[in-house]
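This report goes through one protein model, taking side-chain contacts, a metal site and the overall fold in turn. The sequence and the structure come first.

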Amino acid sequence: MDLSGYAELAVRLANATGDEEEAGSEDGHNISTLDVLRSLLTALRFPDTRVTRRDLDAMLALRVEYREIFSAAASGNGSEAVERLNALLIQHPVHPQIFSHDDEPWHLHLTQGGSVADRYAAGSAMGLATLITQLGLNRLGVCGAPSCQGVFIDTSTNRSRRYCSDRCASRANVTAFRGRRRSGTPDVLPTAAG
Ligand SMILES: [Zn+2]
């Protein structure tokens, strides 16, 4: 049970795009097909990729919820973010079971019940809830690059992250560099971590 991996799933879902036209993060994936959703789950090393069309629809709906949660938190509407996340936790309860497999010691799996989408919904909501209760709601951010709607979890020690990706950070850097060259100010190099 890796809750930070599940919180990362919430980020990846929020940054995914559900159709061709919609813009998400610069690093976002289109999850309009089952194959892309499966490869996203594989990339995050989640074991169960037996997703169906029904799971895909549920994950697309979940993605909209996560976007709302991140933008509410990033714009200072903490109570709205928490209300939405609490609603997800009620809608997708965890079903903990103790397991031992592959010579690992006994450990907890949070989500054994329901459909594949239910289990990923329960896990990602629980991952995000654990993260914000441990680190604070202000760790949820929306990318500062003008044309980007990407979201991120800021795990930097001084909470200084401003961009969803290094790509957005370097693009912002180029824009800032051009601005400074015009005004004669010295150059600094921001990264996604700030
Ligand atoms: Zn971005």
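R84 and E65 form a salt bridge in which the closest N and O atoms are 3.4 Å apart. Because R84 belongs to helix 4 (residues 78–91) and E65 to helix 3 (residues 53–74), the pair ties together parts that are 19 residues apart in sequence. The model is a predicted one. R84 counts as partly exposed, with a relative accessibility of 26%. E65 is partly exposed as well, at 24%.

R84 has a further salt bridge, to E68, with 4.0 Å from N to O. This pair links distant parts of the chain, since R84 is in helix 4 and E68 is in helix 3, 16 residues apart. E68 has a relative accessible area of 33% and is therefore partly exposed. A network of salt bridges links E65, E68, E80 and R84.

E8 is partly exposed at 30% relative accessibility, and R12 is partly exposed at 27%.

Which backbone atom does the side chain of N15 reach? N15 is part of helix 1 (residues 3–15), and its side chain comes to 2.7 Å from the backbone nitrogen of V151. N15 counts as buried because its relative accessibility is 8%, below the cut-off of 20%.

R63 sits in helix 3. With a relative accessible area of 5%, R63 is buried. The side chain of R63 reaches the backbone oxygen of A16, at a distance of 2.8 Å.

## The zinc site

Which protein atoms are the donors of the zinc ion? They are the SG atoms of C143, C148, C164 and C168, which lie 2.3 to 2.4 Å from the zinc ion. Along the chain, the donors follow the spacing C-x4-C-x15-C-x3-C. C143 and C148 are both buried.

The arrangement of the 4 donor atoms is tetrahedral, because the angles they subtend around the zinc ion run from 103 to 114°. Four donors count as tetrahedral if all angles lie between 85 and 135 degrees. The ideal angle for four tetrahedral donors at a metal is 109.5 degrees.

## The two faces of helix 4

Helix 4 has 14 residues, which should span 20 Å at 1.5 Å a residue; the end C-alpha atoms are 20 Å apart, so the two values agree. The buried residues of helix 4 are G78, A81, L85 and L88. These residues lie on the same side of helix 4, because they cover an arc of only 95° around the axis.

Which exposed residues does the face turned away from the buried side of helix 4 carry? That face carries S79, E83, I90 and Q91. Exposed here stands for a relative accessible area over 50%.

## Strand 1 and F99

F99 lies in strand 1, which covers residues 97–99. F99 is partly exposed, as its relative accessible area is 28%. The C-alpha atoms of F99 and H109 are separated by 6.8 Å, while the two residues are 10 residues apart along the chain.

## The chain as a whole

The protein chain contains 6 helices and 4 strands. Read along the sequence, these elements follow the pattern α-α-α-α-β-β-α-β-β-α. The chain has 194 residues, of which 42% count as buried.

Technical notes:
Residues numbered from 1 in each chain as written. Predicted model: local features only at pLDDT ≥ 70, side-chain atom pairs only at ≥ 80, totals over all residues. Heavy atoms only, no water. Buried < 20%, exposed > 50% of the residue type's maximum accessible area, 1.4 Å probe, protein only. Polar contact = N/O pair within 3.5 Å; in protein donor to acceptor, adjacent residues only side chain to side chain. Salt bridge = Lys/Arg side-chain N within 4 Å of Asp/Glu carboxyl O. Donors = N, O, S within 2.8 Å, 3.2 Å for Na, K, Ca; no water. Tetrahedral: all angles 85-135°; square planar, octahedral: opposite > 155°, others 65-115°. Expected span 1.5 Å × (residues − 1). Arc of directions from axis to C-beta.
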